[in-house]
Amino acid sequence: MDKSTSDHILHVDCDCFFAAVEMRENPSLKTIPMAVGGDKDRRGVLTTCNYPAREFGIKSAMPTALARQLCPDLIVLPGRMSLYKDVSRSVMAILRGYSQQIEIVSIDEAYIKLPKYLDSESIAETIRIHIKNQLGISVSIGIADCKFLAKVASDWNKPDGQFAIKPERKAEFVKQLSVSVIPGIGPSFQKKLKSIGINTCEDAERFDLKYLVQKFGRSGVMLYERCRGRDNRELVEYRERKSVSTERTFSRDLINIEQCLEELPELIQEWERRVSKTAWKTDVLQPFVKIKFSDFTQTTVSNHELKANLASFRRLITEAYERKPSPVRLIGIGGKFPEVSLNQLTLF
Ligand code: TTP
Ligand code: MG
């Protein structure tokens with residue numbers, strides 16, 4: 001049993017992601033230097049490369065022509081974004097199986113939160129094996145009590161590894177970190193910090209909050225917190241949208257069903273406008289309605305056998321009203337999306 005006092009944050013990052021997917025599709029690429037990116041003749045750059053290519057000093061965002069100078073045998077593939085997106089969705093679906101609290105940060109990385117009583121290190125190991133067996137690519141995982149340190153930790157034993165910053169080792173671990181690993185501290189900020197003698201988190205810890213704020217404003221507060229290993233940012237969760245609805249509260253209560261039905265065309269117009277911003281068409285949605293009466297009680301009616309349109313909304317409103325024929329102060333209408341598996345959703 002883990003004795004930590006706060007929940008665990010896991011940062012999961014795929015190893016050389018686009019290249020890993022290409023190596024899965026063609027295993028003969030595994031041991032030779034390869035990259036994914038634009039052609040050198042068109043002044044292209046690389047998106048990423050596999051680990052054998054990294055031994056030549058090749059990196060993401062490097063011009064392809066330069067990469068070929070470093071490694072003349074480098075294989076450069078053009079890239080297949082829709083395949084990478086598919087694999088990404090599968091990675092995220094697997095992670096969601098381990099925690100409902102998930103923040104998808106980019107195509108190949110996400111944070112998940114696990115309750116403090118769980119053994120985060122063995123779960124991380126299980127996740128790595130699960131992803132490898134099911135998808136044929138590897139991920140690295142960092143474990144800590146906050147996002148910033150979990151992200152630093154996922155780089156520690158990359159590729160195909162994991163690293164946990166245990167609460168009792170945290171202070172010591174943070175001290176030796178270069179301030180450059182703190183998200184939000186870019187090269188120009190780093191230069192300014194260097195000029196006042198700050199290279200590591202331990203250096204930064206010697207400056208008091210007032211000084212850092214006067215000199216760097218909000219970034220000073222951030223530096224003050226991070227160099228002590230503190231980061232209280234919550235996960236920004238991606239929530240699947242399940243329905244689209246709209247409602248209206250009337251300035252004067254509606255006193256019979258005819259008045260209620262008269263309001264429908266305008267409500268539907270607004271609702272259709274909202275639906276048009278989603279991937280769905282109105283007639284595949286399952287209609288539901290809500291009525292709030294003047295005594296503030298409310299009732300909802302839905303019917304998954306109907307298609308959402310004027311006729312079905314009329315029918316549901318009538319049904320709702322008849323449950324309690326009394327003055328109405330609010331009407332809401334909506335449509336529920338059909339259930340689809342996670343793999344079919346477009347996340348990006
Ligand atoms: P990263 O996680 O930054 O890199 P990576 O997964 O390739 O390698 P690592 O093992 O170090 O994590 O980015 C994820 C993917 O995003 C990467 O495979 C390709 C794409 N990408 C770009 O398209 N352009 C870029 O400049 C970078 C950095 C990444
Ligand atoms: Mg990655």
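Okay, let's start with a question: which side chain does the side chain of Glu109 make a polar contact with? It's the side chain of Lys151, at 2.9 Å. Before I go on, please keep in mind that this is a predicted model.

So, a bit more on Glu109. You'll find Glu109 in strand S6. And is Glu109 buried or exposed? Its relative accessibility is 10%, and the cut-off for buried is under 20%, so Glu109 counts as buried.

Now step back one residue to Asp108, and we get to the metal. The magnesium ion, ligand 2, has three residues coordinating it: Asp13 and Asp108 through OD, and Cys14 through O. The distances run from 2.0 to 2.3 Å. What's the arrangement around the ion? There are six donor atoms, and the angles they subtend go from 79 to 174°, which makes the arrangement octahedral. For reference, ideal angles for six octahedral donors are 90 or 180 degrees.

If you want to spot the donor residues in the sequence, look for the spacing D-C-x93-D. Cys14 sits in strand S1, residues 8-14, while Asp108 is in the loop between strand S5 (102-106) and strand S6 (109-114), so this pair ties together parts that are 94 residues apart in sequence. Cys14 and Asp108 are both buried.

Let me give you some distances. In the side chain of Tyr51, an N or O atom is 2.7 Å from an oxygen atom of ligand 1. For Asp108, the side-chain N or O atom is 2.9 Å from an oxygen of ligand 1. How much of ligand 1 does the protein cover? On its own, ligand 1 has 560 Å² of accessible area, and the protein covers 68% of that.

With 8% relative accessibility, Cys16 counts as buried.

There's a positive phi at Phe296 too, about 70°, and again that's not a glycine. Phe296 is in the loop between strand S10 (286-293) and strand S11 (298-302). Phe296 is exposed, at 54% relative accessible area.

While we're on the backbone, have a look at Lys158 and Pro159. What kind of peptide bond joins them? A cis one, with omega at about -5°. Pro159 belongs to the loop between helix H6 (147-154) and strand S8 (162-164).

Last stop: Asp253, in strand S9, which covers residues 243-254. Asp253 is partly exposed, with 32% relative accessible area. Asp253 and Ala35 are 218 residues apart along the chain, and their C-alpha atoms are separated by 66 Å.

Terms used. Residues are numbered from 1 along each chain as its sequence is written. Chains are lettered from A and ligands numbered from 1 in the order in which they are written. This is a predicted model: local features need pLDDT of at least 70, side-chain atom pairs count only at pLDDT 80 or more; totals for chains, interfaces and linings use all residues. Side-chain values use heavy atoms; hydrogens and water are left out. Donors are N, O and S atoms within 2.8 Å of the metal (3.2 Å for Na, K and Ca); water is not among the atoms, so sites may look incomplete. Four donors count as tetrahedral if all angles lie between 85 and 135 degrees; four count as square planar and six as octahedral if opposite donors are over 155 degrees apart and all others between 65 and 115; anything else is irregular. Helices (H or I, at least four residues) and strands (E, at least two) are DSSP runs, numbered from the N terminus. Buried means under 20% relative accessible area, exposed over 50%, partly exposed in between (1.4 Å probe, protein chains only). A polar contact is a pair of N or O atoms within 3.5 Å; within protein, one must be able to donate a hydrogen and the other to accept it, and residues adjacent in sequence count only if both atoms are side-chain atoms. Accessible areas come from the Shrake-Rupley method with a 1.4 Å probe; for residues, only the protein chains shown count as cover.
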